[in-house]
Amino acid sequence: MTTGNAVAPRRESGRQVARANAIPSPAWTCRLRYRLRVALREPTTIIGLFAALLFAYLIVVPVVSILRDAVTVQFGDERRTAAEVGSLTTYYLSRAFTSPVAANLFWQPLRNTLMVAAGAIGIAVVVGTAIAWLICRTDMFARQWFATALIVPYMLPAWTFALAWTTLFKNRTVGGQAGWMESLGFSPPDWLAYGQVPITLILALHYTPFVILLFGSALRRFDSQLEDSARVLGAGRGAIALKIILPLMRPALMSAVVLIFAKCLGEFGVAYVLGLPVKYDVLATSLYRSIGSRQTGVAGVIAGAIMLIGIITILIDAYLVREAQRFVTVGGKGAMNRPARLGIWRWPATGFAAGVYAASVGVPLLTLFLSTVMRVPADFSWSNFTLDYWIGWNLPTVAMRTGILLSPDLWQAAFNTLWIVGLASTCSGLLGIITGYVVVRTPVRPLAAVLRQVTFMPYLVPGIAFAAAYLSLFAVPRGPIPALYGTSLILILALIADQMPYASRAGISAMMQLGRDPEEAAQVVGAGWLARMRLVVVPIQKGSLMTGILLPFISGIKGLSLFVMLAVPSTDVLTTFSMRLVDYHYTQAANAVVLIIAAIAYFGTLAAQKLTKTNLAEGLGS
C-alpha cells in the first residue's frame with residue numbers, strides 16, 4: 001500500500017506538470033497583451049490591415065480570378081467540355097498547349113515574342129554599349145548633350161515610332177493612304193513594312209536608353225587606372241576588355257538584358273500596329289485576340305504564361321542585382337575616369353551618336369508632324385501643306401469631318417485622360433505614403449512584410465496580363481460588387497493597382513528618412529493621428545508625395561496595354577482614341593494625337609526631374 005500510495009502522487013504530479021506546460025505562462029500572455037495594446041493604441045496597425053485587405057482585393061484577387069478562369073469551365077463551353085459552368089477542367093490548357101490550334105494560339109506567338117525580344121536585346125546591347133562608352137569614356141564632341149538627348153526615346157510611347165514607321169513604309173497590304181515610300185515610287189515588301197523586322201528595330205531603339213543608363217552608370221564608376229595597370233603588364237586592348245572591363249560590367253549589362261526582355265514581353269502597341277496587317281502575333285496580341293473572341297479560358301492560360309515568364313524574369317534580375325555586389329572596384333581618392341582620346345575617329349564617333357539620335361527621335365517625330373500637315377503623302381510642294389488636319393472643317397473623311405483640335409472626341413478623350421489618370425495617380429500617391437507610413441511605423445512586422453510584397457506584385461505582371469485579370473474579375477457582378485466593365489471606375493482601380501509598386505516604394509523610402517520626433521512633438525500637444533498626418537507628415541513629405549503622383553501620371557498618360565482591354569468608346573483616353581483612329585486608317589488624325597501624347601509625356605518627365613532635382617542621365621557625360 002505504501003508503495004502504491006507513493007507512486008500515485010508521483011503520477012498526479014506528472015499530470016500537473018504536463019498541464020502547466022500546456023498552459024501559456026502568465027509572462028508570455030502578458031507580453032502578448034502588451035504588444036496588442038501597443039499595436040492598437042495608434043490606428044497605424046488598423047489602417048495597415050485595411051490597406052492589406054484593399055490591396056489584396058485590387059491586386060491579388062484579379063490575378064487569382066484569371067488563373068481560375070484557365071482551369072474552370074466558362075459560360076458557353078459546356079458542350080465542348082462536357083461539364084457544367086464553374087467545374088474544374090483541363091480543356092483550356094490542352095487547347096492552348098496541345099490542340100491543333102495551339103500553334104496559332106500560343107506556340108507561334110511565344111516564338112515570335114522570343115525572336116523579337118532576342119533581336120531587340122541584341123541590337124540594343126550593341127548600340128547602347130557603344131554609345132555609353134563614347135559618352136562616358138571618350139572625348140567625343142557634345143557628350144553632355146548626347147547623354148540627355150539619347151534618353152528621350154524612352155520618355156515617349158513606343159508605338160509613337162510604330163506609327164512613324166507605318167507612315168514611311170506602309171504598302172497596299174492594308175487600306176488607307178499610301179506610305180511615303182510607295183508615294184515616291186518604291187513599294188516596300190511586307191517583311192520591311194510589317195512583322196518581325198520593324199517591331200524588332202523599333203523596340204531596340206526604344207529600349208537602348210536602358211543599356212545606356214545602366215551600362216554607362218557602371219562605366220562612370222570604373223577606375224581607368226585598372227586599364228593602365230593592365231597595359232603596363234603587357235595586356236592588349238582585347239585582353240583588357242575581356243578580362244577586366246567585361247567581368248566588372250557584366251552585372252549591369254545582364255540587368256539591362258533582363259529588363260528589356262521583361263518590357264518586350266508585355267509590349268502591345270508596337271506589335272498591334274505593325275503585326276496586325278500580316279497576322280504576326282506575339283503573346284500580348286494573342287491574349288488580346290483571345291479576349292476579343294470571348295475565349296476567356298484560353299486567355300487565362302496565355303495570361304498565366306505571361307505572368308509566369310514575367311515573374312521568372314524579375315526574379316532573375318533580382319538575383320543579378322545581388323550578384324552585382326560581388327563585382328566591386330576597390331579604390332579611393334586615386335580613382336580616375338580619364339576619357340580616351342579618339343583622334344581621327346572623333347568626328348565619326350560623333351556622327352554615329354547623331355545618327356542614332358536621328359533614327360530614334362528626330363526622324364520619327366518629324367515624320368509624324370509632317371504627315372499631319374500634308375494632303376498627299378511625300379509631296380513636299382508648298383501647295384500640299386495644310387493645317388486642315390489640325391484645325392480644318394469639312395474634311396473628306398466619313399467620321400472625322402473636322403481637324404483633330406476641333407474634334408469633340410479628342411477633347412472628351414483628353415478630359416477622360418486627365419481626370420481618370422489624374423485621380424488614379426493622386427490616389428496611388430496617397431496610398432503610397434500611407435503604405436510607407438504603415439511599413440515603417442507599425443510594430444507588427446509581418447503586416448509590413450505583407451504590404452511590401454503585395455504592393456510590389458503588379459511589377460511582376462506585364463500590363464496586358466494585368467488588364468486581362470481585371471477584365472476577368474470585374475466583367476460580371478460578383479457578390480455586392482456590380483460589373484464594372486464599361487465604366488471609368490475599372491480604369492481608375494486598374495491604374496491605381498498597376499502603379500502601386502512605384503508609389504509604395506517612393507512612400508517607404510520617404511518615410512524611412514523621417515524620424516519620429518516631429519510626430520512625437522505633435523502628439524505631446526494633443527494632436528491625433530489624422531492631424532499629425534495632415535499637419536506634419538504630408539507637408540514634410542510633399543516632395544515625395546508629388547513624385548508618387550507625377551510619375552504614375554506620366555506613365556498613365558502614355559500607357560496603352562492597361563487601357564486597351566478595359567476602355568470602351570465612352571471611356572476612351574488619348575491612347576485608346578489614337579488606336580481607334582489607327583484602326584479606321586485616319587493616319588493624320590492618329591499621328592496628331594500621338595504627337596500630343598508624346599509632348600505631354602516628354603514635358604511631364606522634364607517636370608518630374610525638375611521637381612525631384614534629378615536627371616536620368618546625371619553624370620554620364622561629365
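This note sets out numbered points on a predicted model of a protein chain.

1. Confidence over the chain. The average pLDDT of the protein chain is 82, and 86% of the residues score at least 70. Two stretches are to be read with caution. Over residues 6-11 the pLDDT stays under 50, and the model has zero contacts there beyond four places in sequence. Residues 14-24 likewise keep a pLDDT under 50, with two contacts beyond four places in sequence. Where pLDDT is low, predicted coordinates should not be read in detail.

2. Helix H26. This helix runs over residues 542-558 and holds 17 residues. Its end C-alpha atoms are 25 Å apart, which agrees with the 24 Å that should be spanned at 1.5 Å a residue. Which residues of H26 are buried? They are Leu-545, Thr-547, Gly-548, Ile-549, Pro-552, Phe-553, Ile-554, Gly-556 and Ile-557.

3. Phe-553 and its partners. Phe-553 belongs to helix H26 and is among the buried residues of that helix. Setting aside residues up to four places away in sequence, Phe-553 touches Leu-418, Val-421, Gly-422 and Ser-425. Although Phe-553 and Val-421 are 132 residues apart in sequence, their C-alpha atoms are 5.9 Å apart in space.

4. Thr-367 in helix H18. The helix that carries Thr-367 is H18, residues 346-372. Is Thr-367 buried or exposed? Its relative accessibility is 4%, so Thr-367 counts as buried, the cut-off for buried being under 20%. Not counting residues up to four places away in sequence, the contacts of Thr-367 are Ala-164, Thr-167, Leu-168 and Trp-180.

5. Tyr-586, a buried loop residue. Tyr-586 is placed in the loop between helix H28 (574-583) and helix H29 (587-612). Because its relative accessibility is 16%, Tyr-586 counts as buried. Apart from neighbours within four places in sequence, Tyr-586 is in contact with Thr-397, Val-398, Ala-399, Met-400 and Leu-581. For one of these residues, Val-398, the separation from Tyr-586 is 188 residues in sequence and 10.0 Å in space, C-alpha to C-alpha.

6. A nonpolar surface patch. Which residues form the nonpolar patch on the surface? Leu-387, Ile-391, Trp-393, Leu-405, Leu-406 and Trp-411 do so, and together they have about 640 Å² of accessible area. One of them, Leu-405, sits in the loop between helix H19 (388-391) and helix H20 (408-441). With a relative accessibility of 31%, Leu-405 counts as partly exposed. That class takes in values between the buried limit of 20% and the exposed limit of 50%.

7. Positive phi at Ala-82. The phi of Ala-82 is near 55°, a positive value in a residue other than glycine. Where does Ala-82 lie? Its position is the loop between helix H4 (78-81) and helix H5 (91-97). Ala-82 counts as exposed because its relative accessibility is 72%.

8. Positive phi at Ala-142. Ala-142 is not a glycine, yet it has a positive phi of about 55°. The loop that holds Ala-142 lies between helix H6 (102-137) and helix H7 (143-149). The relative accessible area of Ala-142 is 44%, so this residue is partly exposed.

How values were computed. Residues are numbered from 1 along each chain as its sequence is written. This is a predicted model: local features need pLDDT of at least 70, side-chain atom pairs count only at pLDDT 80 or more; totals for chains, interfaces and linings use all residues. Side-chain values use heavy atoms; hydrogens and water are left out. Helices (H or I, at least four residues) and strands (E, at least two) are DSSP runs, numbered from the N terminus. The expected span of a helix is 1.5 Å times one less than its number of residues. Buried means under 20% relative accessible area, exposed over 50%, partly exposed in between (1.4 Å probe, protein chains only). Contact means heavy atoms within 4.5 Å. Patches are made of residues with over 30% relative accessible area and no salt bridge: like charges are joined within 9 Å, nonpolar side chains (Val, Leu, Ile, Met, Phe, Trp, Tyr) within 5 Å. Accessible areas come from the Shrake-Rupley method with a 1.4 Å probe; for residues, only the protein chains shown count as cover. A salt bridge is a side-chain nitrogen of Lys or Arg within 4 Å of a carboxyl oxygen of Asp or Glu. pLDDT is the predictor's confidence in each residue, from 0 to 100.
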